[in-house]
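Subject: Structure for you to look at

Dear colleague,

I am handing over the structure we spoke of, and below it you will find some notes on what turned up when I went through it. Please read them with the model open beside you.

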Amino acid sequence: MTNQQEDTPTTPRPRATVARIYDYLLGGRQNFEADRRAAQDILSKVPAAANLALSNRLFLRRAVQTLAEAGMRQFLDLGSGIPTQGNVHEIAQAVDPEIRVLYVDIDPVAVVASNQILDGNLHCRAIEADFTQPDRILDALADKDAASIINLDEPLVVLYCSVLQLIPDDQIDGIIAPIRDLLVSGSAMVISHVGVDVPDRWGESTVNQATDVFRAQAATDIHFRTDEQLKALFSDFEMIEPGLVPLDRWRPELSDPDPFVAASMPSPMRGAVAFRR
């Protein structure tokens with residue numbers, strides 16, 4: 001599909017979703033009027049929101065390339081969103097065409113668009129599931145179809161890129177732990193997340209107005225976390241260099257420049273890659 005999604009009199013008008021708002025911020029076309037309206041409202045409050053999305057996307061690409069070159073051969077992308085240029089399977093399979101990738105997203109538009117792109121790719125698939133329900137994801141991984149892509153008895157990369165900020169503090173451990181704690185030695189986790197300093201950078205009132213858009217139009221809250229909180233999510237995994245840092249400082253030589261480099265300020269998003277030894 002090359003054109004933006006059209007709302008017609010014969011189709012229900014969908015509520016905005018985080019995946020489709022993110023797609024719009026990245027310049028994608030798999031979004032509806034509700035998503036575009038929400039994204040424009042967010043941009044009117046925090047014009048750097050599009051740079052936040054791009055910063056995250058560039059980090060994702062660098063992390064996947066690093067892990068593929070390190071020998072990882074299967075990737076589970078949770079909350080994968082709408083496919084755009086430089087998807088996980090494109091970066092990984094440029095290193096090894098037999099690397100396997102399973103995309104998981106709750107948004108049916110994201111899943112349909114992903115599977116259209118993946119048509120004919122025997123090593124990749126997208127399934128519709130909610131990453132906040134890990135037990136159901138594990139059940140899905142036991143299904144013959146998904147099990148042909150992901151083998152939990154082998155080292156696995158689990159990606160949580162710019163999704164965990166959607167989860168409140170009292171739920172996050174219960175969402176991450178069931179999958180994280182099953183991962184075998186040699187597995188890896190990738191996390192990117194908005195930093196706790198975002199309200200300080202753009203002003204608490206302004207940022208609150210932007211998060212109110214997510215709450216009102218996409219039924220989603222945004223949660224900021226400290227470095228210590230983010231490090232705890234990795235449990236016993238060991239971070240590789242350079243550790244948990246602003247995204248523009250995570251191996252920047254591996255991709256196009258982060259947009260915040262031109263702004264002479266660090267990315268307000270934090271990220272890290274860690275292995276279970």
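In this predicted model, helix H6, which runs over residues 134-142, has Pro-134, Ile-137, Leu-138 and Leu-141 as its buried residues. Seen down the axis of H6, these buried residues fall within an arc of 100 degrees, so they line one face of the helix. On the other side of H6 the exposed residues are Asp-135, Arg-136, Asp-139 and Ala-142. As for what covers the buried residues of H6, the elements include strand E1 (74-78) and strand E2 (100-105), together with helix H7 (144-147) and helix H8 (169-180).

A pair of helices comes next. The axes of helix H3 (residues 49-69) and helix H4 (residues 88-95) come within 9 Å and cross at roughly 30 degrees; because angles under 35 degrees count as roughly parallel, H3 and H4 are described as roughly parallel to each other. The crossing in which H3 passes H4 is right-handed. From H3 the contact is made by Leu-60, Arg-61, Val-64, Gln-65, Ala-68 and Glu-69, and from H4 by Val-88, Ile-91, Ala-92 and Val-95. By type, the residues of this contact between H3 and H4 divide into 7 nonpolar, 1 polar and 2 charged.

Some details of the backbone remain. The peptide bond from Glu-241 to Pro-242 is cis, with omega near 10 degrees, and Pro-242 has its place in the loop between strand E6 (238-239) and strand E7 (245-246). Ala-219, although it is not a glycine, has a positive phi of about 55 degrees; this residue lies in the loop between helix H10 (204-218) and helix H11 (227-233), and at 56% relative accessibility Ala-219 counts as exposed. Ser-235 is not a glycine either, yet has a positive phi of about 55 degrees. The place of Ser-235 is in the loop between H11 and E6, and at 41% relative accessibility Ser-235 counts as partly exposed.

Technical notes:
Residues numbered from 1 in each chain as written. Predicted model: local features only at pLDDT ≥ 70, side-chain atom pairs only at ≥ 80, totals over all residues. Heavy atoms only, no water. Buried < 20%, exposed > 50% of the residue type's maximum accessible area, 1.4 Å probe, protein only. Helix = DSSP H or I, 4+ residues; strand = E, 2+ residues; numbered from the N terminus. Arc of directions from axis to C-beta. Contact = heavy atoms within 4.5 Å. Axes fitted to C-alpha atoms, helices over the stretch in contact; angles between N-to-C directions. Parallel < 35°, antiparallel > 145°, perpendicular 65-115°, else oblique. Left-handed = near helix turned anticlockwise from the far one by under 90°. Nonpolar A, V, L, I, M, F, W, Y, C, P; charged D, E, K, R; others polar.
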